[in-house]
Amino acid sequence: MEMIKATDIYKSFDGNVVLSGISFEVNKGEVVAVIGPSGSGKSTLLRCINLLEKVDMGSITVEDDVMVCTNAQGRAVYADKKKLREIRLKIGLVFQSFNLFPHYSVLDNIMTAPISVAGVSKAEAQKAAMELLIKMGLEDKANAYPCNLSGGQCQRVAIARALALKPDVLFFDEPTSALDPQLTNEVLKVIRQLAEEHMTMVVVTHEMNFAREVADRVIFMDGGVIVEEGKPEDIFTNPKKERTRAFIRGFIG
Amino acid sequence: MKLVLLLLEGMVVSLQIFALTLIFAIPLGLIISFGRRSKNIIISGITSIYISIMRGTPLILQLLVVYFAPSYVFEAKVGRFTAAVIAFILNYAAYFAEIFRGGIESIPKGQYEAGEVLGFTKLQVFFKIVLPQVIKRVLPPISNEVITLVKDTALVTAIGVEEMFRVAQNASSRVSSVQPLFVAGVFYYVMNLIVAQAFSFAEKKLNYYR
């Protein structure tokens with residue numbers, strides 16, 4: 001079942017074309033890894049589907065809700081605010097730089113959105129937040145503040161915060177790029193665990209081994225287009241396009 | 001002893017000006033900082049001219065304008081105390097506005113984005129996420145302004161408000177001695193010690209995060 005369907009997405013910043021005609025879909029329970037060189041538009045693609053950027057043209061559907069479509073004049077038309085808020089809550093996003101709220105404790109970071117956005121009671125939100133922290137192996141950090149955590153711990157809190165809203169799909173925008181290898185592993189472990197639970201996820205990453213192991217499908221982007229997509233074993237061992245081959249060779253050496 | 005009582009009476013007026021200025025100038029400053037950041041060039045233009053004039057001309061002159069201008073222009077009379085408080089609010093709000101603008105612009109974009117992605121409305125993002133962090137960041141520059149404000153209240157003698165400095169001046173000429181002025185100086189200093197203590201306490205309170 002298609003959970004997210006994006007068709008012919010175009011996006012440019014001040015005349016600089018970042019996405020030029022991207023179409024892809026995410027199926028329920030699937031883990032999609034998006035790889036590609038810096039500046040290839042991977043993050044922008046995630047940000048467009050997450051409504052942090054608005055597309056110039058194209059259509060995006062999340063489950064059965066139309067987020068944006070293109071009218072006869074070729075202009076993107078977005079759904080109304082209320083609908084967009086509804087759609088937004090179906091999609092969680094984990095940032096490269098965590099973006100935890102520094103003035104909130106770990107527990108409050110996780111509880112605040114369920115309470116103020118989803119209208120969950122405080123007791124319930126706290127219970128759910130504690131469960132998530134246990135899952136992340138951070139139950140002893142519930143009352144700590146982000147400034148007292150390591151990068152890996154921060155990122156796990158950020159994942160818990162995104163999961164607290166029970167999104168249908170979780171996006172990761174280079175979740176380990178700000179971390180050293182050891183901390184990277186503890187974050188990847190959590191993502192792997194989520195994959196085993198069949199959480200639908202889209203992960204923009206430079207961790208090729210991780211993409212290879214965990215992803216059901218790999219998308220290789222370059223220059224604002226999807227160059228190639230397929231099963232990880234095909235993309236990594238037997239890429240069809242020269243650009244993909246060159247990129248993978250650059251990583252594996 | 002009589003002098004001290006007189007000065008304390010004057011100090012009550014100084015403190016009233018001080019308190020009223022803070023109560024109104026801080027929220028007004030926040031609103032002006034929004035105007036200054038507005039994408040609407042008319043709003044941002046007007047607020048930046050306002051800030052420029054308020055910061056660029058002497059406060060003592062602004063006091064005179066607020067006190068005398070209404071009677072020339074509308075033949076309406078404003079009380080001395082009211083004029084003093086209005087002039088102070090208008091002047092200090094301009095400084096506070098720039099401090100808040102700096103504070104707001106120092107909050108990383110990621111904080112707004114994280115709030116947005118979690119489904120917060122723009123208002124929620126501002127009041128729950130941005131403003132608390134802004135307050136922590138602007139405390140040191142705000143404490144500077146508040147300390148200056150304590151001393152600036154002496155300027156209202158220019159339009160004849162009977163506050164502590166005026167009382168000290170009168171007493172000084174009555175007894176032909178600088179002693180009353182010296183005592184007033186000590187009182188200003190003590191007030192500012194308390195202000196500085198209060199701010200350092202607040203800063204410590206907010207030190208639980210970085």
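Over all chains of this predicted model, the count of aromatic pairs comes to eleven. One of them joins Phe101(A) and Tyr104(A). The ring centres of Phe101(A) and Tyr104(A) lie 6.1 Å apart, and the planes make an angle of 85°. This geometry is edge-to-face. Phe101(A) is buried, at a relative accessibility of 0%. Tyr104(A) is buried as well, with a relative accessible area of 16%.

A second pair belongs to chain B, where Phe34(B) meets Phe126(B). The ring centres are 5.2 Å apart. The planes stand at 75°, so this pair is edge-to-face. Distant parts of the chain are linked here: Phe34(B) sits in helix α1 and Phe126(B) in helix α6 (residues 122-152), 92 residues apart. Phe34(B) has a relative accessible area of 36% and is partly exposed. Phe126(B), at 12%, counts as buried because the limit is under 20%. Elsewhere in chain B, ring pairs connect Phe88(B), Tyr92(B), Tyr95(B) and Phe96(B) into a cluster.

Thr21(B) belongs to helix α1 of chain B. With a relative accessible area of 0%, Thr21(B) is buried.

Two packed helices are described by the angle and the distance between their axes. The axes of α1 (residues 2-37) and α7 (residues 164-175) of chain B come within 7 Å. They cross at roughly 150°. Angles over 145 degrees count as roughly antiparallel, so α1(B) runs roughly antiparallel to α7(B). On the α1(B) side, the contact involves Leu3(B), Leu6(B), Leu7(B), Gly10(B), Met11(B) and Ser14(B). On the α7(B) side, Met164(B), Val167(B), Ala168(B), Ala171(B) and Arg174(B) take part. Eight residues of this contact are nonpolar, two are polar and one is charged.

For chain A, an unreviewed UniProt entry places the feature "domain: ABC transporter" at residues 4-248. Over residues 4-248 of chain A, the model is 38% helix and 28% strand.

Terms used:
Residues numbered from 1 in each chain as written. Chains lettered and ligands numbered in written order. Predicted model: local features only at pLDDT ≥ 70, side-chain atom pairs only at ≥ 80, totals over all residues. Heavy atoms only, no water. Axes fitted to C-alpha atoms, helices over the stretch in contact; angles between N-to-C directions. Helix = DSSP H or I, 4+ residues; strand = E, 2+ residues; numbered from the N terminus. Parallel < 35°, antiparallel > 145°, perpendicular 65-115°, else oblique. Contact = heavy atoms within 4.5 Å. Nonpolar A, V, L, I, M, F, W, Y, C, P; charged D, E, K, R; others polar. UniProt positions renumbered as here; feature names shortened; annotations may be inferred. Buried < 20%, exposed > 50% of the residue type's maximum accessible area, 1.4 Å probe, protein only. Phe/Tyr/Trp six-rings, centres within 6.5 Å; stacked < 30°, edge-to-face > 60°.
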